[in-house]
Number of protein chains: 2
Amino acid sequence: MIDKLDFLLALARERHFGRAAETCGVTQPTLSAGIKQLEETLGVLLVNRGSRFRSFTPEGERVLDWARRIVGDVRALREDINALRHGLTGRLRIAAIPTALAMVASLTTPFRARHPNVQFTLLSRTSIEVLNALDNLEIDAGITYLDNEPLGRVNAIPLYRERYRLLTSTGSPLGDRTTVTWPEVAQVPLCLLTPDMQNRRIINRLLNRTGAEIRPMLESNSMIVLFSHVRTGKWASVMPAKLAETLGLTQTLRAIPIVDPDEVHTVGLVVPQREPMTPLTAALVAEAQRLAPTLAD
Amino acid sequence: MIDKLDFLLALARERHFGRAAETCGVTQPTLSAGIKQLEETLGVLLVNRGSRFRSFTPEGERVLDWARRIVGDVRALREDINALRHGLTGRLRIAAIPTALAMVASLTTPFRARHPNVQFTLLSRTSIEVLNALDNLEIDAGITYLDNEPLGRVNAIPLYRERYRLLTSTGSPLGDRTTVTWPEVAQVPLCLLTPDMQNRRIINRLLNRTGAEIRPMLESNSMIVLFSHVRTGKWASVMPAKLAETLGLTQTLRAIPIVDPDEVHTVGLVVPQREPMTPLTAALVAEAQRLAPTLAD
DNA sequence: AATGTTTGATTGAATTTTCCTATCGGTGAT
DNA sequence: ATCACCGATAGGAAAATTCAATCAAACATT
């Protein structure tokens, strides 16, 4: 039963029988039969199929809700008992929004000092993807904005507040100012994240208020790309203060506070709402709670 | 996996491999093998066995905690989908403390009017047994004291407050009074519940304060026994006002308020803390919430 | 101390379930 | 019209589950 529910979760992730089967380590007929068996024991159609996967039925969505919880709890049970035997081991899968990627190190490093046998998988994702992945049990924890999208069934631990800086070089336009305003920023050619990123949407909103049209000279879904471009001294970007500091400022590379509407957004750790938490998640939350005060501005 | 966890729950209830197997509808070797397989996949001993069942290991208790939740959720899933298909059907298993048994009818009757296809199983249990049965998924809901024992992981809906009355007949000692005090009650030969019942322990406490020794003339774990004795006109008892009224007073059979310390205890519905609740449980809770105001004194 | 009973583990065979390979039928795209 | 893709189906091999029968140990009774 549990493996069948696992099949269903994989299908929800992949929306494709073949690929879902692959991620489950079984063949496609096996997964098909598993779903079919679920449908038979429950007595309802769960998946609308044409010649391919179309969608879940309302009942399917309902079963998915339970499956997320049940499969999650079974994994938690395994992890829990494992922790009793061998201390904290295993792998923590964490997804973070691009602007938070650099700060993950300040969470993982002290964690590793405390629990040396835990391995990490760190993924860059959009804020929406983070929440979806959390739902689908693809990741154990996420780092994302806490105050924009509705978060769903998660626990959130605030970590820091994002304040925006114009990242540019001395000698460039605005490069020698001590503060700038959003209307001024709107006049500069910028390197920005792609529009599927919430950070970009936030910046869009701020720039739009100035009435100016936004014409980013360069878009990427990777902060490394943006930063390395700015570093050449020929480009400018907007990024959170914490991130700019972490990546490293130089004498010519400056992060200039953007004042006018000094909008801030809280970024924090989100973990599945589960009582009790898995040992790994609990340890990560504890670490985040230790870290948060040191990040306050 | 889920059936194995079910085996473990049955073992926790019965503390006996053979009987646990029977309640699961399998033979004893099957259940033994199931437990053993659980132990192997988790890599820990779950049960301390001598030549017979001794106890659960600490890890076993931990697994039990998860098993309760997981098995409960799987059942909730089944029930949930079933309700989507056929409306509310199935069986609600409710256990109540003896003094509350009579009022269950005022919960089940309007419930049945709304949901005619739901069957009931009603059990008389001590307050401790109610909570245990709730933990072990033997029952779907309980009716018990809310303000004495620690309740554990349950949701509670207060129903009414128990006030105590001396149930006796005109002509008997104290039989013609309008109120009596606990010290006076202590002087009368009484029919009381057995000491494993919390109601009895509450009454014991109240009587003890008077300094008098308690020598109940008759003990039973059934309120019907107590009531039918009092009804002969030759005995007396102490019971909650609601119960006495429900069972029916006559001209000679009187329920006399006991004043001195007018202690009250809240009785309510307790259901497993599960989000979302099973459809049956949710409907029962809704009914309880409708009923509660009408019971207020 | 001897005996009988109770209890859970073990064994071996029959059954059921699960899973894979190979293939089919249908749909949508080129 | 053809091709590529997707999910369902069929059949057979492997694995698992289950049960009846039996065993060994511990406990209770005499």
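Two residues are taken to be in contact when heavy atoms of the pair lie within 4.5 Å. On this criterion, 15 residues of domain 2 of chain A are in contact with 19 residues of domain 3 of chain A, in a model that is predicted. The centres of domain 2 and domain 3 of chain A, taken over C-alpha atoms, are separated by 27 Å. The assignment behind this description divides chain A into domain 1 (2–79), domain 2 (81–160 + 265–295) and domain 3 (161–264), with domain 2 given as two segments, 81–160 and 265–295.

The secondary structure of chain A consists of 11 helices and 11 strands, and the C-alpha atoms of the chain fill a box of roughly 70 × 45 × 30 Å along the principal axes. Of the 297 residues of chain A, 49% count as buried. When contacts in chain A between residues at least 6 apart in sequence are considered, 73% of them join residues that are at least 24 apart. Chain A exposes about 13,200 Å², of which 50% is supplied by carbon and sulfur atoms. As regards charge, chain A carries 35 positive and 31 negative side chains, and the centres of these two sets lie 3 Å apart.

The relation between the two chains was examined by superposition. In general, two copies of a chain are related by a rotation about an axis and a shift along it.

Most residues other than glycine have a negative phi. Arg15(A), although not a glycine, has a positive phi of about 50 degrees, and Arg15(B), likewise not a glycine, has a positive phi of about 55 degrees. Arg15(A) lies in the loop between helix 1 (2–14) and helix 2 (17–24) of chain A, and Arg15(B) is placed in the loop between helix 1 (2–14) and helix 2 (17–24) of chain B. With a relative accessibility of 44%, Arg15(A) counts as partly exposed, and Arg15(B), with a relative accessible area of 45%, is also partly exposed.

Gly25(B) belongs to the loop between helix 2 and helix 3 (28–42) of chain B, and its relative accessibility of 66% places Gly25(B) among the exposed residues, for which the cut-off is over 50%. Gly25(B) and Leu174(B) are 149 residues apart along the chain, and their C-alpha atoms are separated by 55 Å. Ala105(B), by contrast, is found in helix 5 (residues 105–114) of chain B and, with a relative accessible area of 40%, is partly exposed. The C-alpha atoms of Ala105(B) and Ile81(B), which are 24 residues apart along the chain, are separated by 28 Å.

Notes:
Residues are numbered from 1 along each chain as its sequence is written. Chains are lettered from A and ligands numbered from 1 in the order in which they are written. This is a predicted model: local features need pLDDT of at least 70, side-chain atom pairs count only at pLDDT 80 or more; totals for chains, interfaces and linings use all residues. Side-chain values use heavy atoms; hydrogens and water are left out. Helices (H or I, at least four residues) and strands (E, at least two) are DSSP runs, numbered from the N terminus. Buried means under 20% relative accessible area, exposed over 50%, partly exposed in between (1.4 Å probe, protein chains only). Accessible areas come from the Shrake-Rupley method with a 1.4 Å probe; for residues, only the protein chains shown count as cover. Lys and Arg count as positive and Asp and Glu as negative; His and the chain ends are not counted. The place of a charge is taken as NZ of Lys, CZ of Arg, CG of Asp or CD of Glu. Domain bounds come from an automatic or database domain assignment.
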